[in-house]
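I opened the model to look up a few items and note them here. The entries follow in the order in which I made them.

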Amino acid sequence: MHFVSPQSTEEAARHLAEGGAKARILAGGTDLLVQMKSGMVSPETVIDIKRIPGMRDITEEDGGYRVGAGVPGQQLNEHAGVKSLWPGVVEACDLIGSTQIQGRCTIIGNLCNGSPAADTVPAMAAANAVAHVVGPSGTRDVPVADLPQGPGKLALEEGEFVASVLLPARPKRAADAYLRFTPRTEMDIAVASAAVSLELAEDGTVSDARVVLGAVGPKIIVATAAAEAIIGTKLDDDALEAMTKACRDAATPIDDKRGTVEFRTQVAGVLAKRAARIAKDRAGERT
Amino acid sequence: MNKMSREKQDFKVIGTRVKRPDGIDKVTGRAQYGADLVVPGMLTGAVLRSPHAHAKINAIDTSEAMALPGVKAIVTNADFAALDDEFLLDVADNCLAREKALYHGHAVAAVAAKDAQTAKAALKLIKVDYTPLPHVTDVDDAMESDAPVVQAGRKQENVKGDYSDNVTMYCEFGHGDLDAGFAKADHVIERSFKTAATHQGYIEPHACLASMTSDGKADLWCCTQGQYFVRTLCAGILGMEASQLRVTASEIGGGFGGKTTCFIEPVALALSRKAGRPVKLVMTRDEVFRATGPTVSSSSDVKIGMTKDGRITAAYAALRYQGGAFPCETVAMGAQSAFAAYDLDAVKTEGWNALTNRPKEAAYRAPGAPMAVYAVESVVDELTQHFGLDPLDVRLKNAADAGTLSSYGPTFEAIGLVATLEAAQKHPHYSAPLGENQGRGVSCGFWFNFGGNTCVSLNINDDGTVGITEGNPDIGGSRASISMMAAEELGIPYEQVRTIVADTSSLGYNDVTDGSRVTFAVGLATIEAARDAIKKMCSRVAKIWEIDPDAVIWENGQAKPSGPNAGDFEPMSLAEIAALSSETGGPIAGHYEVNADGAGVSFGVHLADVEVDPETGATKVLRYTAFQDAGKAVHPDYVEGQMQGGSAQGIGWALNEEYIYDDDGMLLNAGFLDYRVPVASDLPSIEPVILEIPNPGHPYGVRGVGETSIVPPLAALSNAVSRAAGVRLHELPMSPPKILKAITSKG
Amino acid sequence: MSKLHVTTTVNGDELDFVCPPEETLLDALRGRLGLSGSKEGCGTGDCGACTVKMDGRLVCACLVLAPEAQGAEIETIEGMATGESLHPLQSSFIDNAALQCGICTPGILVAAKDLLERNPDPSETEIRYWLAGNLCRCTGYDKIIKAVQFAAAEMRGETA
Amino acid sequence: MVQVKLWGNLRDATDGQDVVEVEAGNFKQLLDRLSEKYPGLKPQIERGVSLALDGRIYREAWFTEIQPDSEVVLMPYMKGG
């Protein structure tokens, strides 16, 4: 195995392209090292991107925030600006692993690991976050929601990697929330999860919403019908009930060691309902 | 054995909260655990494990792996001695498979190489020719007459009936006329239960360092609950003489019963013998889950009859346990424990053990009892709900006490169950208000406790301090407790005593640190060794004073004349006597060797409050109180620690912990991510309430305390969930999908 | 495979070692630098026994590649006491019987020290969540939480 | 004579009796006599048994004295964790 620490994204992309399927990007390493130890992957080249300038920075951009691929979870959680603008993304990030994992894990690693149960991916997708992709033939910006293609699969070309994510600006009276279900309070993988991002009109009516479910399908599910069920409402019980049902209809989970189809479907709806209420309360406070 | 009771005495050291002698080493990272020792020329070992749940091993080709540069030795079962002892043979076959791989993760071969990378690479080059065989992992399936047979010819003479050859033993306990008892009941409830296999979950993986030379001498350093037993097993498996194998126990990073046997130690010795170099072998966490002892999983039926005023008229339990691919008799312990808390006119328990394609069961804190008591306490609770009675009242009404004919045969001596139940009833926890979706559960628990083979040497140093050599790894503060008992008996400060754990060449045989035996049995031997030393000191003083040895007594750390008739002498302190030891006949030491009995059974009662989320089935433990008869608590902090630790393990067992197998017999959750032991944020503060009812079998009234606390939590949690959610589960763990399903189907 | 030369600062001392690139920081600390106070309980970041501080943040040393430590500042349990003086947390763990087998203790102490540096007066819930990544199988956590609270009070000057 | 209480399934070896009588002054004698008188008990005794004497459980201890009026209960060999 080779260990390289490129100084620029271009250099990193070159290593990645040269290494092909046997090269891996190392940011926080909290997934990669586990996979290496279990023998799931045996990379010939590991590309540590954390020494590339800017990779460990959170910068303000057009009223939103750009988060570098090397920013550890704890750094994001500590960022007052991001926390205020996208509290749901931050709480999703905070749920990944332990304090120690927070010292290393990154939201982009969480995205690129390709797990349908990743905590930050539904939250970023609900936030309309945009991934900045660097590759051998240049750069492109892709909505986070469009990247996951299935367990371990992303819509990235060979040699491409995600260098940063933009959490966009948003108006006042808008907020998000993320909830997941795990058997333990911490140190666990989502059995089902839901992120809700919404905007309120001045009278408190939901003017826009995005509802995204995790761990209930081979990839995140952008539950458009669920969002439509609450747009134009004040999140009254009927609207929430309709949203809950729409979430359950959208879910296509599997039975595995972590949960059953029945349980995941049921709980995804419950989580979306609860997350919507939290997001609404938060939005009400952002005036 | 001196049975002098000190219950009324004023203790000076016993009952205080002194600092543990291993504290600084453990908070600074200096303590040396199994994987921490390094010696020159050391090789690294690694083990190849079966990818099949059950397969015949046709051939193992190691030639390619041996040819890899840096590989120094490869061993298989053929490198072990030819054995005829069935017990040893099972341990050996579990360490390295002989004719068949019996479970997913069963060790098949092992490598020693210059470093870990090379050893790992070599494993991939070993070619094993397997013929996969049909497998079985569920206990009820394994008992069916047409089940795949894991090992044939292991059935004991006591097994009757149309079962498969997997059923290795049967047992039955009890007394009285069940039919007549059930006829007297106002209501009878019969339920079936299942509990999953759970792992001890010690944080330190098994690790050892073996060094064997060509003249047959060997040293072994390992994390174990019993270095002497490791010596017995390894010497047998390697065909060595015990005297040639010195085993040193490292600091141990948790055991809970799981480190009472061998998994890698004979393998490391065989590798070292073959390579002519020291070999270190350390398990990964994955290997720990796949190939070391979880406890049994169980299936059971319980039937209990009760009168409307809460008197149990008859009780029956059928217990079916599987302990993996090798015979075990854990079910006998369960069958004896099931109804131990009750005074019953008619009671019967039956137990069966079945072989399955799972790892060989190892002891886990009160082995066999938690799953049996869970089933019994669930049905007792359901009956109290049926009649609308108070759960503690019902238990008090039926509680076993001194003179009760126990459900397993003997008549109880003094036991503390009634006092424990009364303490629970009076505790503020029991009357605290509960909110919506909250419920309170109660359960009793029981464990036997043991004594066993014990040697202690107590040396009086010439400066008047004391060194104690004992042979049981310190797993929960026993070095401190042993020093305390010696200080108490000798009448000197605790700080002047140091206790060390000996290697197998430095002291006679000591049983494994198990059965909650150490503070009881080693403590007893320490007190007797101190008395032996006192006797010798008194006789030295008698010579100095030129009086009869019987005229010298020991009081507050001093030798004194027994009375005015003995003469008028200034008392001599231990330090003064020690300083003159050379002049008065040489070094002074006390010894005691015993196979201790009289450990005294122990009871606990736990109260658990939970809240169940009706929309997700999630259970949160809100409040937890554990009451236990501990006998005299030598070091109350460590007694509390045992009660809290056992409770936490029981809570994990009740809610989330389980071995999950797929249809191919593969273990799906061999890691701490998906084998969910409780984390700090999962638990409330666990309040321990110690009751000190002296054990008549120990000079200070000490009772074993380590194991009982894991027994009550299973039913306490299940009973609490039943009251919080209005649904009763009959299966552990009570994972959220199961609870939600029960809530949903209730409507 | 080519080995890498890594220079890193551990507990204030600049140290260096040579290792294969796939070696973890935990293996390098234990095997190459003789710092075996950090323990491997799982190797997958699920138990916290290998907790060390790296460039100001807690990490599981088992999930860091040793070459990543090039130029880093690392704090381990071996650096916690100052000479003969134990850190208040270390003393508190002994005084409050917060350890039984002790295998999880180094990781918990390193994590708790970082907590108290960030938050000198954490609530019980905050301590429990902060330490959720440090498994302890012996104690049921109760005495650990109390020992952290006790040390925190002492460090705030509110000696009991 | 000492009365020895057996656990349930051992009845198969003693013509259905729960309690048997043997002449014994200590545990060793008791186990020897039991094996002689009831050869069906021998496999279990060889596998290991504990004995409860007046409520106290002993795992080995051949020479523990037994009084004729003692309560003696044969139990399986015990182990802990």
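**Interface of chains A and B**

I started with the area between chain A and chain B: they bury about 1800 Å², 54% of it on carbon and sulfur atoms. Buried area here is the accessible area (1.4 Å probe) that two parts lose on being put together, summed over both. The model is predicted, so I note that local features need pLDDT of at least 70 and side-chain atom pairs pLDDT 80 or more, while totals for chains, interfaces and linings use all residues. Residues are numbered from 1 along each chain as its sequence is written, chains are lettered from A and ligands numbered from 1 in the order in which they are written, and side-chain values use heavy atoms, with hydrogens and water left out.

I then looked up the contacts (heavy atoms within 4.5 Å). On chain A, 19 residues are in contact with 20 residues of chain B.

For salt bridges I used a side-chain nitrogen of Lys or Arg within 4 Å of a carboxyl oxygen of Asp or Glu. Between chain A and chain B there are six. One salt bridge joins the side chains of Arg274(A) and Glu615(B), at 2.8 Å from N to O. On the side of chain A that touches chain B, helix α11 (residues 261-285) gives the most, with seven residues. Helices are DSSP runs of H or I with at least four residues, strands runs of E with at least two, numbered from the N terminus.

**Chain A as a whole**

I counted eleven helices and 14 strands in chain A. Its C-alpha atoms fill a box of roughly 60 × 45 × 35 Å along the principal axes. I checked the radius of gyration, taken over C-alpha atoms, against the globule rule of 2.2 Å times the number of residues to the power 0.38. Chain A has 19 Å, which agrees with the value near 19 Å for a compact globule of 287 residues.

Of the 287 residues in chain A, 59% are buried (under 20% relative accessible area, 1.4 Å probe, protein chains only; exposed is over 50%, partly exposed in between). Among contacts in chain A between residues at least 6 apart in sequence, I found that 60% join residues at least 24 apart.

**Ile66(D)**

Where does Ile66(D) lie in chain D? I found Ile66(D) in the loop between β4 (56-58) and β5 (72-76). Ile66(D) is buried, at 5% relative accessible area. Beyond its neighbours within four places in sequence, Ile66(D) has contacts that include Val2(D), Phe27(D), Leu30(D), Leu53(D) and Val72(D). I also took the C-alpha separation of Ile66(D) and Asp32(D), 34 residues apart along the chain, which is 14 Å.
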